[in-house]
Amino acid sequence: MRILLLKIMLICAMPLNMLAQDASPAIDGLLAKMNSVQDYSVQALITSDIPMVKILPSNATIYFKQKDKFKIDSKGIAILPKQGFTDIAKMLEDKESYTAMMMGTETIGSTKADIVSIFPISDTSDLVLAKLWIDTARDVVMKSQITTRSSGTVSIVYSYGNQVKWGLPDKMIFTVDVKKFKIPKGVATDINKTRTPDPNKPASKTGEVKIELSNYKVNLGIKDQVFSKK
Amino acid sequence: MSDKMIEVRNLAKSFGSFEAVKDVSFTVNRGDVFGFLGPNGAGKSTTIRCILSLIAPDKGEIFLFGKSMAGHRAEILKKVGSIIEKPDFYKYLSAERNLEIFARISGVHSSKKEIRAMLDFVGLAGRERDKVSGFSHGMKQRLGIAQTLLHNPDLIILDEPTTGLDPQGIIDIRNLILRLQSEQNKTVLLSSHQLSEIEIIANRMVIINQGRSVIEGEVAQLLNAEELIVNIEVDQPDKALSAITLNFPDVRVHEVDGSRIQIITDKSRIPELTVTLTNQHIGIYAIESKRKLEDYFIKIVSN
Amino acid sequence: MLLKSTRNEFIKIAAKPRSYLGLVAVTILVGVILFALKADGMSFISFVTASFEQTLSFEGNILNGNLVAFIVLQMLVIHIPLLVALVTGDLVSGEAAMGTIRMLATKPISRTQLLLSKFLAGGVYTLLIVVWLGLMAVVVGKLLFGSGDLMVLNSDGLVILQEADINWRYIGGFAVAFLAMLTVSSLSITLSCFSENSIGPIVTTMAIITLFIIIGTLDVSIFDSIRPFLFTTHMAAWRSFFEDPLPKDDIIRSVVILLAHNVVLVLVALYTFNKKDITS
């Protein structure tokens, strides 16, 4: 119900010429580009700056195969946001489940991007709201902001290099919600700890994960066994 | 080299308010088999423990080989072997292993062969690998003797070494001590309740009572110094008894057993007594006079 | 003579059945923990990372030998002192009870050397227990679970340490853990000098450890001044090796306090043992 009210308010707030602009071409262009990639593998360097988590940059290999096979292979432990890799494509594919509206444009760097808001139709959907900044000239997402009930808001900023023709970024910066992070008592057994957290230090509400992607191998064929191996 | 192997001077030791030793003094000379006597609770064990530095005395001085323990402890104890009360061993170890352990810290290197020879010497041949937990009291005593002798000490201190032994065992220990003294010139301090054993093997002794030295000296001299028990074996015991009673009213008749009459008298009366019996044509088969240590001991401690 | 006496102590320790109790107990305890983690270790990890997993996903071999070894060490920190005290608490009082102390004390070895040899032997036994624990936890853990980065949960958050950066931390951690257990060994031997029965020093050692742990965990200001000096406060100092950045000052402080405890305990024991009248 709240979602419906929100939509109505946004529609009422929009200038008339905006209402006339359909977001479909932007989304269709985006989807076409995404679907042109049958499979890829890429080397990822993951750097995290998340409150209450200390981890050095780690390396991983990411595999993807249409429609929704996805795997991250890491020798060490890697921490990644739960959302952001295949969620946009999955979300956009099911056109019956959402309403997309053009909300204006924004210049990111030197690139002009159309802002598209995605509203789920169902009230029970995990998705609350998604916002995409789409470079329609290259049919790639420049920035996204996805709010879900389960994970809060995840913002992603994309940078592109050689693989822009496939719509594959060479850098993604995730900003995640961290206020739900808690340390379970009784498990952290640093007994007799004399240090206590600095009460004057403000607790950060967001954390950042930066993924640098390189050495893409696109549409070279990946066996299904890769996704089933432990 | 000092001839005084042990010298104890005015030793005193209390445990709280209890005075275990008040004033004990004695000297043990080289080559002595020295009897250390006293009733239960007299302070014998406490004195021996003070000598061996198990207990620190409150007063007095102790010298072994002419030296004080302070500063010379290791040097002195290398030459001393001892058993205090009952010998205790590591029950979970074999006889051989026990001896090996004690030998190692006695300043000697004893090979397996030497250890086995020692076990053989004390009558434990073939038992070297057996755990001490399975040993009888007598076997542990023998093992204790082995432990005492393994490093060839000059001075041996034995506290009740024959306790719990059978008669043969007692004889064996007695003979061993005599051999150690005569053949190897070892000095032995022997504390025992077996007064008959002390009487046989000790040449010098001290008697202590209630924490104090009472008397010290040559065993023979001390026993012969006072009244004697005289056994007279005669052919006419009734006639002899009458003659003694009539002519020697100061002589006490202790016992009459067949042809043997036992009397208590001063040593000086014996020649006269012999002449009297002979003059009355009483045939004398034997006259034996001695002072029993047991009697002497009881007299001393009860005074 | 000190080394000869120490050799004797090794022989005695090796011959006593209770000496193997510690090793067997460690083997069984670690075995049970490894089995449980192999059966359902991921549930344990999920419990720890639950609140993070709403937003983040953890990729890679999390339940690996390094983490398993860490969990084993955390769980056994209270049990190892008992296994150590069981043997070391008996080293002097056991001899008094058996009567062998008077046999030893009449030998040409000073009481100081005799007692120091017991401390040395007790220390080596403690080292054996700690090394065995390490082998079981780290080596067997890695054989069963493989290797990988280590995820440690502290009171201020998760720390993920890279695999190549872990081995030296375990070595340092075990060294400090050994020092902590050596303090337990020294305490029990010292208490053993005051007793003539085997069980008293062992029970008293555990009672002291329990009492100090309670004082350490009670959030009461009256104990604030003594808490940093209790040796039990530093028994978990090995965990400091798994923090990033490494709290060097904390580690050094713990090492100094534990060493000081050992020195004081040895001196008290030497004084008592040298002055003691051996009447047993």
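Two residues count as in contact if their C-beta atoms, placed from the backbone, lie within 7 Å. By that rule, 22 residues of chain B are in contact with 23 residues of chain C. On the side of chain B that touches chain C, the elements giving two or more residues are helix 2 (73–77) and helix 3 (95–104) of chain B. Helix 3 of chain B gives the most, with four residues. Helices here are DSSP runs of H or I with at least four residues, strands are runs of E with at least two, and both are numbered from the N terminus. By class, this side of chain B has 14 nonpolar, three polar and five charged residues. Nonpolar means Ala, Val, Leu, Ile, Met, Phe, Trp, Tyr, Cys and Pro; charged means Asp, Glu, Lys and Arg; the others, Gly among them, are polar.

A word on the source: this is a predicted model, where local features need pLDDT of at least 70, side-chain atom pairs count only at pLDDT 80 or more, and totals for chains, interfaces and linings use all residues. Residues are numbered from 1 along each chain as its sequence is written, and chains are lettered from A and ligands numbered from 1 in the order in which they are written.

Which residue is the bridge partner of A:Ala100 in strand 7 of chain A? That is A:Ile118, and A:Ile118 in turn stands opposite A:Ala130 in strand 8 of chain A.

Terms used: Pairing = 2+ DSSP bridges.
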